[in-house]
Amino acid sequence: FVVGATKTWVMLGERTAESAPAPLASLLPPGVEWVRADVLALDPARREVKTPAGAFTGDHVVVALGVELDMGAVPGLAQAAHTFYTLDGAARLHDALARFEGGRIVLLIPRTPFQCPPGPYEAALLLHAWLERRGIRAKADLDVWTVEKSPMATAGPDMGRLVVGEISARGIGFHPLKKAVAVEGARRVVRFEDGAEAPYDLLIAIPPHIAPRVVVEAGLADPAGWVAVDPATFAVKAPGAAPHVYAVGDVTGVPLPGR
């Protein structure tokens with residue numbers, strides 16, 4: 001298990017990729033059986049989970065499979081961009097930052113939703129401080145280009161204005177409503193739907209998020225691509241799902257009151 005915040009520490013060299021994870025088994029109380037195996041298929045009508053270790057049927061099933069990260073959703077992104085949204089990616093980004101002596105850093109948010117809405121903005125602030133400690137902040141342009149209208153939209157407009165104010169005060173550019181359509185690695189530019197381009201020397205991207213394949217194949221994903229649940233109980237709303245099938249975490253789509 002890896003706490004998401006440790007990935008930015010790995011990005012900046014404050015922790016190694018080897019020291020960040022904790023064994024999953026150490027987090028479980030006595031009496032809980034832990035089966036480490038890939039989920040091959042879900043049958044929500046039978047409350048059955050199929051794995052290489054066998055099939056498991058429960059009186060209750062809780063789907064907590066998170067998301068898959070799809071850098072291929074934007075042409076050229078996977079080949080050109082670094083990311084701190086995986087542990088391996090954070091370690092590779094650390095190596096790239098160690099070689100960085102100045103130029104344009106673009107932090108790109110190409111799609112929503114994504115895990116940890118504050119994460120990209122926290123990373124921008126941390127990068128600003130890291131560049132200052134190295135004495136090269138004046139040699140670097142640091143900009144956030146995002147498909148969002150405002151940071152952390154689910155927290156409301158006041159929070160968005162606060163975040164923009166904090167990054168702007170540090171000379172970090174903010175470019176909202178920019179949907180990336182392609183990255184041209186040879187030219188070192190990100191192209192956007194409105195025709196704008198963002199040149200970069202170092203590109204850091206938040207990977208587009210999608211529901212895991214087995215969730216889609218089980219018929220649990222709604223047209224928006226996520227598992228619709230009752231916000232009071234987290235019971236799955238998908239047609240054909242048996243009672244006592246639930247979903248929690250990033251795989252769900254949960255409407256927030258007033259949003």
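Throughout these legends, a residue is called buried when its relative accessible area is under 20%, exposed when that area is over 50%, and partly exposed in between, with a 1.4 Å probe and protein chains only. The model is predicted, and local features need pLDDT of at least 70, side-chain atom pairs count only at pLDDT 80 or more, while totals for chains, interfaces and linings use all residues. Residues are numbered from 1 along each chain as its sequence is written, and side-chain values use heavy atoms, with hydrogens and water left out.

**View 1. Arg-133 and Glu-14 form a salt bridge.** A salt bridge is taken as a side-chain nitrogen of Lys or Arg within 4 Å of a carboxyl oxygen of Asp or Glu, and by this rule the count comes to ten. In the pair shown, Arg-133 and Glu-14 have their closest N and O atoms 3.7 Å apart. The pair links distant parts of the chain, with Arg-133 in helix α4 and Glu-14 in the loop between α1 and β1, 119 residues apart. Both Arg-133 and Glu-14 are exposed. Helices (H or I, at least four residues) and strands (E, at least two) are DSSP runs, numbered from the N terminus.

**View 2. Helix α4 covers residues 119-134.** This helix of 16 residues reaches 22 Å from its first C-alpha to its last, close to the 22 Å expected at 1.5 Å a residue, where the expected span is 1.5 Å times one less than the number of residues. Among the buried residues of α4 are Tyr-121, Ala-124, Leu-127, His-128 and Leu-131. Just after α4, Gly-135 takes a positive phi of about 75°.

**View 3. The largest nonpolar core has 35 residues.** Such a core is a set of buried Ala, Val, Leu, Ile, Met, Phe, Trp, Tyr and Cys residues joined through side-chain atoms within 4.5 Å. Those with the most contacts inside the largest core are Met-11, Phe-84, Leu-97, Leu-107, Leu-127, Val-144 and Leu-202. The elements that give two or more residues to this core include α1, α3 (87-99), β6 (103-109) and α4; α4 gives the most, with six residues.

**View 4. Strands β1, β2 and β3 are joined by antiparallel pairing.** Two strands pair if DSSP finds at least two bridges between them. Three bridges join β1 to β2 (residues 48-51), and Asp-43 stands opposite Glu-48 in β2. The hairpin of β1 and β2 has four residues between its strands, and Arg-47 in the turn has a positive phi of about 55°. β2 pairs with β3 (residues 54-57) over four bridges, Lys-50 stands opposite Ala-55 in β3, and the hairpin of β2 and β3 has two residues between its strands.

**View 5. Lys-178 forms a salt bridge with Asp-194.** The closest N and O atoms of Lys-178 and Asp-194 are 2.5 Å apart. The pair links distant parts of the chain, with Lys-178 in the loop between β8 (173-175) and β9 (180-184) and Asp-194 in the loop between β10 (189-192) and β11 (197-199), 16 residues apart. Lys-178 counts as buried because its relative accessible area is 17%.

**View 6. Arg-191 forms a salt bridge with Glu-184.** Here the closest N and O atoms are 2.6 Å apart. Arg-191 counts as partly exposed at 30% relative accessibility, and Glu-184 counts as partly exposed at 25%. Salt bridges that share partners join Glu-184, Arg-187, Arg-191 and Glu-197 into one network.
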